[in-house]
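Subject: Structure handover and findings

Dear colleague,

Please find below the structure that I am handing over to you. My findings follow it, arranged by topic.

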Amino acid sequence: MTVPARFVHVGFNFTSTPPTAALEKVFANARDWLRYEEHCWVLYSTTDIETWRDRIRNTPGILPGDSFFLCEFTAYTGFMHDWAWKWIKKHDS
């Protein structure tokens, strides 16, 4: 389902080596994405969060014991590198 473009945070707890390349191939379906830490991404997407959940669960290399958390957000604050803030700001208009 298509929804208005917004940010979706995706955080993982992997039980083995993360399938980073496979995940980034899946995340390429978003309008844009940012990996700001080893196991944390932010997607800028018009796809509903349940579809992202299913896409991630079905990504090759995601194991049954791996866990992940997705949440949509509009408010944010914190301390990050300038390049990460620039990426967020370019989509937050």
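A residue is called exposed here when its relative accessible area is over 50%, and buried when that area is under 20%. With these cut-offs, Ala21 and Lys25 of helix H1 are exposed. Please keep in mind that the model is a predicted one.

Confidence

The chain has a mean pLDDT of 95, with 98% of its residues at 70 or more. Confidence is highest in helix H1 (residues 20-27), at a mean of 98, and lowest in strand E1 (residues 2-13), at 93.

I begin with helix H1. Its buried residues are Thr20, Leu23, Val26 and Phe27. These residues lie on the same side of H1, because they cover an arc of only 120 degrees around the axis. Ala21 and Lys25 are on the other side. The packing partners of the buried residues of H1 are E1, strand E2 (32-37), strand E3 (40-47) and helix H2 (49-57).

In helix H2, the buried residues are Ile49, Trp52 and Ile56. Viewed down the axis of H2, they fall within an arc of 55 degrees, so they line one face of the helix. They pack against E1, H1, E3 and strand E4 (67-73).

Helix H3 spans residues 82-91, and its buried residues are Ala84, Trp85, Trp87, Ile88 and His91. Seen down the axis of H3, these fall within an arc of 160 degrees and therefore line one face of the helix. On the other side of H3, the exposed residues are Asp82, Lys86, Lys89 and Lys90. The cover over the buried residues of H3 includes E1, E2 and E3.

The largest pocket

The largest pocket holds about 150 Å³ of space. Its lining consists of His9, Tyr36, Val42, Phe73, Tyr76, Thr77, Gly78, Phe79, Met80, Trp85 and Ile88. By class, the lining has eight nonpolar residues, three polar ones and no charged ones. Two of these lining residues, Trp85 and Ile88, are also among the buried residues of H3.

His9 is another residue of the pocket lining, and it is located in strand E1. Is His9 buried or exposed? His9 counts as buried because its relative accessibility is 16%, and the cut-off for buried is under 20%. Leaving aside residues up to four places away in sequence, His9 touches Tyr36, Cys40, Trp41, Val42, Phe69, Leu70, Cys71 and Phe73. Among these contacts, Tyr36, Val42 and Phe73 also line the largest pocket. His9 and Trp41 are 32 residues apart along the chain, and their C-alpha atoms are separated by 6.0 Å.

Two loop residues

Thr15 sits in the loop between E1 and H1. Residues up to four places away in sequence not being counted, Thr15 touches Leu63, Gly65 and Asp66. The C-alpha atoms of Thr15 and Asp66 are separated by 5.5 Å, and the two residues are 51 residues apart along the chain.

Glu38 belongs to the loop between E2 and E3. Glu38 counts as exposed because its relative accessibility is 52%, and the cut-off for exposed is over 50%. Between the C-alpha atoms of Glu38 and Phe79, which are 41 residues apart along the chain, the separation is 16 Å. Phe79 is itself one of the residues that line the largest pocket.

Yours sincerely

Methods
Residues numbered from 1 in each chain as written. Predicted model: local features only at pLDDT ≥ 70, side-chain atom pairs only at ≥ 80, totals over all residues. Heavy atoms only, no water. 1 Å grid on protein atoms, 1.4 Å probe; cavity = no way out; pocket = protein on both sides within 12 Å on 5 of 7 lines; lining within 4 Å. Points joined across faces, edges and corners; volume = space filled by probe spheres on them. Nonpolar A, V, L, I, M, F, W, Y, C, P; charged D, E, K, R; others polar. pLDDT = per-residue confidence, 0-100. Helix = DSSP H or I, 4+ residues; strand = E, 2+ residues; numbered from the N terminus. Buried < 20%, exposed > 50% of the residue type's maximum accessible area, 1.4 Å probe, protein only. Arc of directions from axis to C-beta. Contact = heavy atoms within 4.5 Å.
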